[in-house]
Amino acid sequence: MRADRIIAHRGCSLLRPENTRSAFIHTQELGIRWVETDVNRLGDGTLVVFHDDHLGRLTPADGRLAEVNWSTAKDLDVGSHFGAEFSDERMMTLRDTLALLHELNLGLNLEVKVYAHYRAEDVVPDIIAALEDEWHDWERLIISSFNPQVLRLLHQARPTWSLGLLFEKIPDDWQSLAAEVQPVSVHCHYAWLRQPQVDAIKAQGLEIYCYTVNDRKAGIMLWDMGVDGVITDNPNLFAGL
Ligand code: G3P
Ligand code: MG
């Protein structure tokens, strides 16, 4: 198995503010060995670890991510939405996040977001550069994206890197994208997954990971189906398994 049976979603986002230093540190404290996090782009091109394309849910500011540069974003409080005790949390760059995850010895499922204010071509070269500067454990990295062009560009540029096809519902023609980008894994929302899909994916020698599994019984059922790992907001749900 390349990734782990339990992957902490956005860090452990039910236990700490998502995609923050606290979330990643707490993931490691829980004994979890992998995290999933989202890379996104500011108006000035800075790559940050942040899920949304708007600021309102996670910061005290309004507006779109496209409208802010790093000089503003670095001061945004990304912790208070979760709890006043996290008001010191600040948005993190991709590079700082990679360095922290390395320090914490965590494996990484890096999900590349592509929102309307940029294209895959605008972020892939900088993501490659950040990873080559800051990442060290190539056996513990899977890059996934809902955007097929991200996967195509990455495969062309770095054919040996581990890629994951990411879907909400796995489409019938998933194998055509797989043939193009040679992934190691398929990632999907668990609600739509059916046993024949698991069987077909495993028959191709690929792994399968499901999000966002915040229900212990669902996780056990998925493992029984042959799913390799669950991406969860709360790894504590699976304690003792
Ligand atoms: O990578 C799995 C999952 O994170 C995809 O959805 O919206 O939580 O980033 P989202
Ligand atoms: Mg994600």
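The dialogue below goes through a predicted model, from the chain as a whole to single residues.

Q: How many helices and strands does the protein chain have, and how does its radius of gyration stand against the globule rule?
A: The chain holds 8 helices and 10 strands. Its radius of gyration is 17 Å, close to the 18 Å that the globule rule gives for 241 residues, so the chain is as compact as a globular protein of that length. Along the principal axes, the C-alpha atoms fill a box of roughly 50 × 40 × 30 Å.

Q: What percentage of the residues is buried, and what percentage of the contacts with a separation of 6 or more joins residues 24 or more positions apart?
A: Of the 241 residues in the protein chain, 42% are buried. Among contacts with a separation of 6 or more, 55% come from residues 24 or more positions apart.

Q: What describes two packed helices?
A: Two packed helices are described by the angle between their axes and the distance between the axes. Take helix α4 (residues 120-134) and helix α5 (residues 148-157): they pack at an angle of about 40°, and their axes are 10 Å apart. That angle makes α4 oblique to α5, since angles under 35 degrees count as roughly parallel. The crossing of these two helices, α4 and α5, is right-handed.

Q: Which residues of α4 and α5 meet?
A: From α4 come Ala120, Glu121, Val124 and Ile128, and from α5 come Gln149, Val150, Leu153, Leu154 and Ala157. By class, the residues of this contact are 7 nonpolar, 1 polar and 1 charged.

Q: At what angle do the axes of α5 and helix α6 cross?
A: The axes of α5 and helix α6 (residues 174-181) cross at roughly 25° and come within 9 Å. Here α5 is therefore roughly parallel to α6. On the α5 side the contact has Pro148, Leu151, Arg152 and His155, which meet Leu177, Glu180 and Val181 in α6. The residues divide into 4 nonpolar, 1 polar and 2 charged.

Q: How do α3 and α4 cross, and is the crossing left-handed or right-handed?
A: Helix α3 (residues 94-103) and α4 have axes that cross at roughly 30° and come within 9 Å. The crossing of α3 and α4 is right-handed. Leu94, Arg95, Leu98, Ala99 and His102 of α3 meet Ala130, Leu131, Asp133 and Glu134 of α4. This contact of α3 with α4 is made up of 5 nonpolar, 1 polar and 3 charged residues.

Q: Which residues are in contact with Phe82, leaving aside its neighbours within four places in sequence?
A: With those neighbours left aside, Phe82 is in contact with Arg16 and Pro17. Leu15 is 67 residues from Phe82 along the chain, and their C-alpha atoms are separated by 9.1 Å.

Q: What is the phi value of Arg10, and where is Arg10 found?
A: Phi of Arg10 is near 55°, a positive value in a residue other than glycine. Arg10 is found in the loop between β1 (6-9) and α1 (21-29). With 25 C-beta neighbours inside 10 Å, Arg10 counts as buried.

Q: What is phi for Asn19, and where is the place of Asn19?
A: Asn19 has phi near 55°, a positive value in a residue other than glycine. The loop that holds Asn19 is the one between β1 and α1. Asn19 is buried, with 28 other C-beta atoms within 10 Å.

Q: Which helix does Ala218 lie in, and how many C-beta neighbours does Ala218 have inside 10 Å?
A: Ala218 lies in helix α8 (residues 216-225). The count for Ala218 is 16 C-beta neighbours inside 10 Å, so Ala218 is partly exposed.

Q: What does Ala218 touch, not counting residues up to four places away in sequence?
A: Beyond those residues, Ala218 touches Tyr190 and Val213. Ala218 and Tyr190 are 28 residues apart in sequence, with 8.4 Å between their C-alpha atoms.

Technical notes
Residues are numbered from 1 along each chain as its sequence is written. Chains are lettered from A and ligands numbered from 1 in the order in which they are written. This is a predicted model: local features need pLDDT of at least 70, side-chain atom pairs count only at pLDDT 80 or more; totals for chains, interfaces and linings use all residues. Helices (H or I, at least four residues) and strands (E, at least two) are DSSP runs, numbered from the N terminus. The radius of gyration is taken over C-alpha atoms; the globule rule is 2.2 Å times the number of residues to the power 0.38. A residue is buried if 20 or more other C-beta atoms lie within 10 Å of its own, exposed if 12 or fewer, and partly exposed in between; C-beta atoms are placed from the backbone. Two residues are in contact if their C-beta atoms, placed from the backbone, lie within 7 Å. Axes are lines fitted to C-alpha atoms, for helices over the stretch in contact, and angles run from 0 to 180 degrees between N-to-C directions. Angles under 35 degrees count as roughly parallel, over 145 as roughly antiparallel, 65 to 115 as roughly perpendicular and the rest as oblique. A crossing is left-handed if the near helix is turned anticlockwise from the far one by less than a right angle, and right-handed if clockwise. Ala, Val, Leu, Ile, Met, Phe, Trp, Tyr, Cys and Pro count as nonpolar, Asp, Glu, Lys and Arg as charged, and the others, Gly among them, as polar.
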